[in-house]
Amino acid sequence: MDTMRDRFIATASRLLDEDPRLALVLADISTAGFEQAQRRHPDRVVNVGIREQLLIGAGGGIALTGMRPIMHTFASFLVERPFEQVKLDFGHQDIGGVLVSAGASYDWPAGGFTHMSPGDVALLDTLDGWTVHVPGHPDEAEALLRHAAAGDDRVYVRLSLQSNGEARPVTGDRFLTVREGRGGVVIAVGPMLDNVLAATEGLDVTVLYATTVRPYDRAAVRAAAGGRADVVIVEPYLEGTSTTAANDALADVPHRVLGIGVPRRELRRYGTVDEHLAAHGLDPASLRARVSAFL
């Protein structure tokens, strides 16, 4: 199976052929994959080099001409390093564009903490008007990217090497009910679904699957919760990122919310992705222990 990043390169290359409104801005990352697209569209595929602030600034300038920019690099260099440009060049200017990241929270542990971005979604959450997609499979990544490219709003598509074994239907706005139960609600975000399903096997809980986390599907949470509920949110980034959104959705009913994700405590190790999952408590065994204890 190809990776989400592979699918992004293939899909974005096709979209550039199909839609003359689109432009792609790169900062050295993935340039080899876009060599053919750049030859076909030299005026709409731009590599600014390792200049992430310029990456966003150039994308903002392209958007001001009426085009639809897609900007791509590692998450830590796309959201965290040029955050002021994201805030001003897109938010303050009130223009649209598509940010597509790679690397996620710790997809390349050997790259060190500079290449890890567990706080990217929480950081974007401080800004108004961003849609955030977190696909859990390459097929979902393609569908959400096409949805984002066709719009005019501000969208962040968060890609990861971690992937579920099966693609689910995604619409770009709603949570999907994967399993129904009466003993609580567990919301699995993107590539966390397979681990959540394994962790909750045999438990009487409803499992919701979220690939779009902003805006938050409050209606789905309320429907799953009923009159009162215990809700667990399992996210592949900073723990607690969406607990406020879930609390707001259930403000008028008795409830408890537990956020599980990447802890704020920095893990000063390298290792593998699976070792990081286990160290952060996001493997099936750790998730089952925490979910069972909470419920």
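How many residues has helix α1, and how far does it reach from its first C-alpha to its last? In this predicted model, helix α1 comprises residues 4-18, a run of 15 residues. Its reach from first to last C-alpha is 21 Å, close to the 21 Å expected at 1.5 Å a residue. Buried positions in α1 are Met4, Arg7, Phe8, Ile9, Thr11, Ala12, Ser13, Leu15 and Leu16. These buried residues pack against β1, α2, β2 (45-47), β3 (68-74), β4 and α7 (138-149).

Asp17 also belongs to helix α1. Because its relative accessibility is 41%, Asp17 counts as partly exposed. Once neighbours within four places in sequence are left aside, Asp17 is in contact with Arg40 and His41.

Strand β3, one of the elements against which the buried residues of α1 pack, contains Thr73. Thr73 has a relative accessible area of 0% and is therefore buried. Beyond residues up to four places away in sequence, Thr73 touches Ala27, Ile29, Leu55, Leu78, Val100, Ser101 and Ala102.

The contacts of Tyr156, not counting residues up to four places away in sequence, are Ala75, Leu78, Val79, Leu99, Ser101, Asp120, Val121, Leu124, Trp130, Thr131, Val132 and His133.

Val234 is located in strand β11, which spans residues 229-238. With a relative accessibility of 1%, Val234 counts as buried. Its contacts, residues up to four places away in sequence being excluded, are Val186, Ile187, Ala188, Val189, Met192, Val196, Ile260, Leu282 and Leu287. The C-alpha atoms of Val234 and Tyr209, which are 25 residues apart in sequence, lie 9.9 Å apart in space.

Backbone geometry was considered at several loop positions. The peptide bond joining Arg214 to Pro215 is cis, its omega being near 0 degrees. Pro215 is placed in the loop that links β10 (212-214) with α9 (218-225). Asp28, although not a glycine, has a positive phi of about 75 degrees. This residue, Asp28, is found in the loop between β1 (22-26) and α2 (35-40). Asp28 is partly exposed because its relative accessibility is 35%. A positive phi, of about 55 degrees, also occurs at Asp94, which is likewise not a glycine. Asp94 is situated in the loop between α5 (83-92) and β4 (97-102). Its relative accessibility of 60% is over the 50% cut-off, and Asp94 therefore counts as exposed.

Gly129 lies in a further loop, that between α6 (120-124) and β5 (130-133). At 42% relative accessibility, Gly129 counts as partly exposed. Gly129 and Arg5 are 124 residues apart along the chain, and their C-alpha atoms are separated by 25 Å.

The largest pocket has a volume of about 160 Å³. Its lining consists of 15 residues, and those that lie nearest the centre of this pocket are Phe113, Pro118, Val262, Pro263 and Glu266. By class, the pocket lining divides into eight nonpolar, four polar and three charged residues. One cavity of 30 Å³ or more was counted. The largest cavity has a volume of about 40 Å³. Ala104, Ser105, Val134, Arg158, Ser160, Gln162, Pro191 and Pro236 line the largest cavity. The cavity lining comprises four nonpolar residues, three polar residues and one charged residue.

Conventions: Residues numbered from 1 in each chain as written. Predicted model: local features only at pLDDT ≥ 70, side-chain atom pairs only at ≥ 80, totals over all residues. Heavy atoms only, no water. Helix = DSSP H or I, 4+ residues; strand = E, 2+ residues; numbered from the N terminus. Buried < 20%, exposed > 50% of the residue type's maximum accessible area, 1.4 Å probe, protein only. Contact = heavy atoms within 4.5 Å. 1 Å grid on protein atoms, 1.4 Å probe; cavity = no way out; pocket = protein on both sides within 12 Å on 5 of 7 lines; lining within 4 Å. Points joined across faces, edges and corners; volume = space filled by probe spheres on them. Nonpolar A, V, L, I, M, F, W, Y, C, P; charged D, E, K, R; others polar. Expected span 1.5 Å × (residues − 1).
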